[in-house]
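Trainee: I have just opened this entry and would like to learn how to read it. Could you walk me through it step by step?

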Amino acid sequence: MSDNRIMVDIRGAEKDFGIVMALKGVDLTVNEGEVVLIIGPSGSGKSTLLRSINRLEALTGGQIFVDGDPLVGPDADIRKIREETGMVFQDFNLFPHKTALENISLAPMKVKKISIEESEARARKLLERVGLGDRGDSYPGQLSGGQKQRVAIARALAMEPKVMLFDEPTSALDPEMVKEVLDVMLDLVKEGMTMMVVSHEMGFARAAADRVVFMDEGEIVEIGPPEEIFENAREERTRKFLKHIL
Amino acid sequence: MASLEQQRGPRIEVTDGALLPTRGDGYIIDSWRLTIAFAILALITLIFIAKDPYDQIFRVVIKGAPLTFGVTAGAILGSIVLGLFTGLGQIARGRALNLVAGVYVELIRGIPLLVQLIFIYFALGKFFRLDGFPAAVIALSICYGAYMGEIFRAGIQAIPRGQMEAALALGMTRRQAMRLIILPQTMKIILPAIGNEFIAMLKDSSLVSVIALRDILRRGREHVSRTFLSLETYAVVALVYLVFTLVLSKLVAMMEDRMNKNER
């Protein structure tokens with residue numbers, strides 16, 4: 001999209017779990033404002049790739065730069081990178097002992113040292129933005145799956161990240177709740193957020209993704225615009241996989 | 001946690017898909033109430049109706065209560081701190097820390113509390129003079145700290161991995177994540193288990209009577225040696241401990257209810 005500032009630069013990423021090689025030398029660059037969807041069969045390494053960008057999984061080889069900052073090596077500042085990358089998980093991982101508002105305001109307060117008043121005011125705005133302005137005092141246990149995931153997105157946004165990582169954000173949701181989460185994500189796309197999304201939501205891909213990455217057995221098999229990948233994939237493996245999920 | 005209240009018969013609490021009968025069964029007479037009513041009635045009957053020699057015994061014995069409470073309270077605090085660090089040590093990423101915490105737990109759990117108490121007071125007394133009270137608090141804390149350590153470790157490990165990941169992904173340090181996210185949730189899980197330890201500590205505090213601390217039991221023993229009223233005296237001692245223990249167990253249960261009322 002817009003300019004060509006590289007936001008995420010993955011170079012030869014390797015992850016060896018001992019029994020399996022989850023990533024076998026992956027190269028991928030994501031530009032500022034770009035939306036990249038990662039698809040692939042389970043065990044293809046797509047979640048591992050996403051989780052290695054903020055080092056929830058430590059790479060065993062290769063390097064990743066987030067907005068120019070290295071993830072591995074003596075100059076790596078992992079907390080800076082984590083502040084700059086927001087992550088949304090499949091099963092929300094909201095903090096059950098904190099209200100929705102506290103879930104959102106906690107990290108800005110404790111990590112960025114923003115005052116309680118300001119971080120709560122910002123949290124309120126974020127709740128409005130994800131359509132939950134009236135649920136600030138609810139605990140996660142009182143929210144539906146879709147509402148939880150929207151709070152989780154707001155929580156990640158509260159750190160004002162440069163990149164948002166979504167790890168199967170709709171997989172744990174009942175079908176009728178998928179749309180409310182995808183709508184929030186589409187809003188983010190409109191605002192120009194750089195996003196990497198592991199998901200099989202083809203509707204979202206067609207509506208919003210700039211590129212679709214197909215991974216299999218720890219490698220990137222094919223990259224292209226959604227139409228091209230979905231209708232006209234070059235690789236046999238891609239076509240076979242898509243036949244299963246479409 | 002929606003509960004079906006005001007309904008006779010076993011009360012069922014609806015948790016995440018699991019139906020669990022709760023401790024209170026909805027009847028006015030439950031086992032806790034029955035036991036404490038018996039204990040208090042028995043004490044009142046003895047002291048105010050049978051009177052001699054029970055009123056005298058009670059006055060002597062109850063003077064030991066402050067010491068019993070003091071030792072128990074000190075040991076509760078000490079063992080929580082020790083248990084917390086032991087639990088953290090066992091799950092820490094340093095091998096040396098794991099070993100130190102692990103050996104402490106194995107060592108202490110393998111030696112009876114009475115032996116530890118006598119060792120600290122009499123054997124170590126050869127090198128430095130410890131007063132009875134600090135010796136008792138230290139011995140109980142060290143002993144129960146090992147058990148608490150196991151409880152903390154299990155409690156921390158019961159918190160889903162995603163909680164730590166979410167906290168780290170937001171830029172928190174491991175220490176912040178532990179303090180703000182993991183431990184508050186752990187406390188809630190382990191409260192019933194550490195509550196049981198509190199009650200056990202109250203009862204085991206009676207062991208300190210061997211190191212010349214004048215707690216409830218010690219006062220009773222002294223009284224027996226003066227009057228030879230062993231049955232009468234030890235009956236009162238037993239009833240007094242029973243009342244204290246039942247009250248403490250109720251306090252722990254109330255704390256649990258309060259914690260459960262929050263969230264959800």
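Mentor: Gladly! Let us begin with a definition: contact means heavy atoms within 4.5 Å. Keep in mind that this is a predicted model.

Trainee: With that cut-off, how many residues of chain A are in contact with chain B?

Mentor: On the chain A side there are 25 residues, and they are in contact with 19 residues of chain B. Together the two chains bury about 2,000 Å², with 62% of it on carbon and sulfur atoms.

Trainee: Which three residues supply more of the area that chain A buries than any other three?

Mentor: Those are A:Arg82, A:Phe95 and A:His97, which supply 27% of the area chain A buries against chain B.

Trainee: What about salt bridges and polar contacts between the chains?

Mentor: For a salt bridge, look for a side-chain nitrogen of Lys or Arg within 4 Å of a carboxyl oxygen of Asp or Glu. The count between chain A and chain B is 1. A:Arg51 pairs with B:Glu165, and their closest N and O atoms are 2.7 Å apart. There are also 6 residue pairs in polar contact between the chains. On the side of chain A that touches chain B, the elements giving two or more residues are helix H2 (78-84), strand S6 (85-88), helix H3 (100-110) and helix H5 (145-157). By class, that side has 12 nonpolar, 5 polar and 8 charged residues.

Trainee: How do I read two helices packed together?

Mentor: Check the angle between their axes; over 145 degrees counts as roughly antiparallel. In chain B, the axes of H8 (residues 174-204) and H10 (residues 230-261) come within 10 Å and cross at roughly 170°, so H8(B) is roughly antiparallel to H10(B). Among the residues making the contact are B:Leu191 and B:Phe198 of H8(B), and B:Phe244 and B:Leu248 of H10(B). The residues of this contact divide into 12 nonpolar, 4 polar and 3 charged.

Trainee: And what should I look for in the backbone?

Mentor: Most residues other than glycine have a negative phi, and most peptide bonds are trans. Here, A:Phe92 has a positive phi, near 65°, and lies in the loop between S6 and H3 of chain A. In chain B, a cis peptide bond joins B:Asp52 and B:Pro53, with omega about 0°. B:Pro53 sits in the loop between helix H1 (31-50) and helix H2 (54-62) of that chain.

Conventions: Residues are numbered from 1 along each chain as its sequence is written. Chains are lettered from A and ligands numbered from 1 in the order in which they are written. This is a predicted model: local features need pLDDT of at least 70, side-chain atom pairs count only at pLDDT 80 or more; totals for chains, interfaces and linings use all residues. Side-chain values use heavy atoms; hydrogens and water are left out. Axes are lines fitted to C-alpha atoms, for helices over the stretch in contact, and angles run from 0 to 180 degrees between N-to-C directions. Helices (H or I, at least four residues) and strands (E, at least two) are DSSP runs, numbered from the N terminus. Angles under 35 degrees count as roughly parallel, over 145 as roughly antiparallel, 65 to 115 as roughly perpendicular and the rest as oblique. Ala, Val, Leu, Ile, Met, Phe, Trp, Tyr, Cys and Pro count as nonpolar, Asp, Glu, Lys and Arg as charged, and the others, Gly among them, as polar. Buried area is the accessible area (1.4 Å probe) that two parts lose on being put together, summed over both. A polar contact is a pair of N or O atoms within 3.5 Å; within protein, one must be able to donate a hydrogen and the other to accept it, and residues adjacent in sequence count only if both atoms are side-chain atoms.
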